[in-house]
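These are my notebook entries on one structure, written in the order in which I looked things up. Each entry keeps to what I read from the model.

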Amino acid sequence: MDINKWKSCAVDIDSYTLIRAMGKQGFRRPGSMIAKLVDDEIKKIAKKESKSYEQMKEILLVQGK
């Protein structure tokens with residue numbers, strides 16, 4: 001596995017169970033569901049900060065490194 005492209009994280013079992021159930025509603029795997037949740041949160045933060053989605057995503061990517 002390419003460690004520059006993929007990372008793993010641990011979540012508590014209740015959150016994992018909820019993510020799986022939410023994913024089944026939208027036919028998504030847990031990884032895709034987490035990506036969707038992150039994407040939705042970026043949109044929310046961008047709106048709050050009066051920035052575009054792309055600007056906010058780039059800012060957060062820089063902050064996260």
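**Entry 1**

I began with Asp12, which is found in the segment before H1. I noted that the model is a predicted one, in which local features need pLDDT of at least 70 and side-chain atom pairs count only at pLDDT 80 or more, while totals for chains, interfaces and linings use all residues. Residues are numbered from 1 along each chain as its sequence is written, and side-chain values use heavy atoms, with hydrogens and water left out.

Asp12 caps the N-terminal end of H1, with a side-chain oxygen 3.2 Å from the backbone nitrogen of Asp14. I recorded this against the polar contact rule: a pair of N or O atoms within 3.5 Å, where within protein one must be able to donate a hydrogen and the other to accept it, and residues adjacent in sequence count only if both atoms are side-chain atoms. Asp12 counts as partly exposed because its relative accessibility is 46%. For this class I used the following cut-offs: buried is under 20% relative accessible area, exposed is over 50%, and partly exposed is in between (1.4 Å probe, protein chains only).

Which residues does H1 cover? Helix H1 comprises residues 13-26, and Tyr16 lies in it. Helices are DSSP runs (H or I, at least four residues), as are strands (E, at least two), and they are numbered from the N terminus. I then checked the length of H1: at 1.5 Å a residue its 14 residues should span 20 Å, and the end C-alpha atoms are 20 Å apart, so the two values agree. The expected span is 1.5 Å times one less than the number of residues of the helix.

Tyr16 also belongs to a nonpolar surface patch with Val11 and Ile13, and together they have about 290 Å² of accessible area. Tyr16 itself counts as partly exposed, at 34% relative accessibility. Patches are made of residues with over 30% relative accessible area and no salt bridge; like charges are joined within 9 Å and nonpolar side chains (Val, Leu, Ile, Met, Phe, Trp, Tyr) within 5 Å. The accessible areas come from the Shrake-Rupley method with a 1.4 Å probe, and for residues only the protein chains shown count as cover.

I next looked up the backbone angles in the loops. Most residues other than glycine have a negative phi. Phe27 has a positive phi of about 55° although it is not a glycine. Phe27 follows H1, in the loop between H1 and helix H2 (30-49). At 80% relative accessibility, Phe27 counts as exposed.

Ser50 likewise is not a glycine and has a positive phi, of about 60°. I located Ser50 in the loop between H2 and helix H3 (53-64). Ser50 is exposed, with a relative accessible area of 68%.

**Entry 1. Salt bridges**

How many salt bridges does the structure hold? I found three, each a side-chain nitrogen of Lys or Arg within 4 Å of a carboxyl oxygen of Asp or Glu.

Asp40 pairs with Lys36, the closest N and O atoms being 2.7 Å apart. Both lie in helix H2, four residues apart, about one turn of the helix. Asp40 is partly exposed at 32%, and Lys36 is partly exposed at 29%.

Lys43 and Asp39 meet at 3.3 Å, N to O. Lys43 and Asp39 are again in H2, four residues apart, about one turn of the helix. Lys43 is partly exposed at 44%, and Asp39 is partly exposed at 23%.

Lys44 and Glu41 form a salt bridge at 3.4 Å, N to O. They are separated by about one helical turn because they are three residues apart in helix H2. Lys44 counts as exposed at 55%, whereas Glu41 is partly exposed at 37%.

**Entry 2. The whole chain**

The chain has three helices and zero strands, in the order α-α-α along the sequence. Its radius of gyration is 14 Å, well over the 11 Å that the globule rule gives for 65 residues, so the chain is more spread out than a compact globule. The radius is taken over C-alpha atoms, and the rule is 2.2 Å times the number of residues to the power 0.38.

The C-alpha atoms fill a box of roughly 35 × 30 × 20 Å along the principal axes. Of the 65 residues, 9% count as buried. The chain exposes about 5,900 Å², of which carbon and sulfur atoms supply 57%.
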